[in-house]
Amino acid sequence: MRVCVVGAGFSGATIARFLAENGIASLVIDERNHLAGNCHTERDVETGVMVHKYGPHIFHTGIERVWEFINRHGVMMPYVNRVKANVANKVYSLPVNLHTINQFFGEAFSPAEARAFVESKARMDIEDPQTFEEQALRFVGNDLYEAFFKGYTRKQWGCEPSELPASILKRLPLRFNYDDNYFNHPYQGMPRDGYTAIVASILDHPGIEVRLGARYEDLTESFAHTFYSGPLDRFFNYDLGRLGYRTLDFVPERAEGDYQGAAVINYPDESVPFTRISEHKHFAPWEAADFEKTIIFREYSRLCGPDDIPYYPIRMVAETKLLEQYEERAAQEQGVTFVGRLGTYQYLDMDVTIDRAMDVVEAYLVAHSAVKA
């Protein structure tokens, strides 16, 4: 009897591949008509640009086995994520670094001078930050918080920063040098042929059957085990209520040449309704010059409705209590393992998703071997 894997994103594909390589057949299903979940990439017909259909995904990791796994299934091209921010019609570098500080305050600080200056602005009276707002004020002070974090956070989360936990801003991106690499991980890159091609390679094994446009609720076949990466509350038919998510709307626009000269520009000002503009040709710098046209997406964040794609788990007080109830029920389920972003109700980067999927399937293989023995 084979295993069922619900979801053809990185979680499901990784699990299915490890099972197949250990002699266990699986059926991988996804209700969408394509592979790779929210990492799905495809060529825009009009411009030819490789588009991240569900928003930008930049691969970065410090986990060596994950980097090796990804490179086994696709060619990763060098890519450094350099984000800009348009604040009051002036463009700054993100994350906040020495250039940002000097430009914003009209200074020419050295690293030590900038550090001392920012510390003089910081709210040192906030000893134990509990909210997003307190965390930001504690480390950067009011001026930088108001310019780069407050409005953007309101638009992204649909609530006051004072209502969000400090954990959302675990490590404030603040640098006292001119490094504008958005990520600190040693391994960073973009797949030459897109993420969907990588997921297709992972699933390319005779022990794996892939069935797209298929809902888990409609399956009639029996399975030895199920790895479920769909929404946790949906598995239980939402009978305790729906967990809260933010969703994203992407509004495309095509133009000639180069629209903004960067892959991502954030718009923290609250007077601007969208959070950022992504120009997808710049996610593939090795081929960007080949395209005469370009495509951009303005990104809008709002509360997720029943028919929307869930992106970010809200994880505020009400959701935390409901999540605990669903987690208790999930722990009692026999023959089902809940995995991935939706199955665990966590926002997970791609590398963490893959790493956790590896851990889950390794644990299953150990238990499976013990049962067979």
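1. Let's start with the cysteines. This is a predicted model, and the count of disulfides in it comes to zero. To count as one, two cysteine sulfur atoms have to sit within 2.5 Å. Take Cys39: the closest cysteine sulfur belongs to Cys304 and is 17 Å off, so the two are too far apart for a bond. Cys159 has no disulfide either, as its nearest cysteine sulfur, again that of Cys304, is 15 Å away.

2. Are Cys39 and Cys159 buried or exposed? The cut-off for buried is under 20% relative accessible area. Cys39 has 10% relative accessibility, so Cys39 counts as buried. Cys159 comes in at 14%, so Cys159 is buried too.

3. Next, the aromatic rings. How many aromatic pairs does a search of the whole structure find? The search turns up 27. The reasoning uses a cut-off on the planes, because an angle over 60 degrees counts as edge-to-face. If you're wondering about the two numbers, a pair of aromatic rings is described by how far apart the centres are and by the angle of the planes.

4. Stay with Phe104 for a moment. Its relative accessible area is 24%, so Phe104 is partly exposed. Phe104 and Phe105 also belong to a cluster linked by ring pairs, along with Tyr92, Phe109, Phe117 and Phe148.

5. Arg32 lies over the face of Tyr54, 4.6 Å from the ring centre. Arg242 does likewise with Tyr238, at 3.7 Å from the ring centre.

6. Now for a sheet. In what order do its three strands run? The order is E5-E9-E6, the sheet is open, and the pairing is antiparallel. At the edges you'll find E5 (59-61) and E6 (76-77), each of which pairs on one side only. Between E5 and E9 (residues 187-191) there are three bridges, in the antiparallel sense.

7. Helix H2 (residues 64-72) touches E5, E6 and E9, and its direction makes about 145° with that of E5. Helix H6 (residues 195-202) lies across E5, E6 and E9 too, running at about 95° to E9.

Note on methods
Residues are numbered from 1 along each chain as its sequence is written. This is a predicted model: local features need pLDDT of at least 70, side-chain atom pairs count only at pLDDT 80 or more; totals for chains, interfaces and linings use all residues. Side-chain values use heavy atoms; hydrogens and water are left out. Buried means under 20% relative accessible area, exposed over 50%, partly exposed in between (1.4 Å probe, protein chains only). Rings of Phe, Tyr and Trp (its six-membered ring) pair if their centres lie within 6.5 Å; planes under 30 degrees apart count as stacked, over 60 as edge-to-face and the rest as tilted. A charge sits over a ring if NZ of Lys or CZ of Arg is within 6 Å of the ring centre and within 35 degrees of the ring normal. Two strands pair if DSSP finds at least two bridges between them. Helices (H or I, at least four residues) and strands (E, at least two) are DSSP runs, numbered from the N terminus. Contact means heavy atoms within 4.5 Å. Axes are lines fitted to C-alpha atoms, for helices over the stretch in contact, and angles run from 0 to 180 degrees between N-to-C directions.
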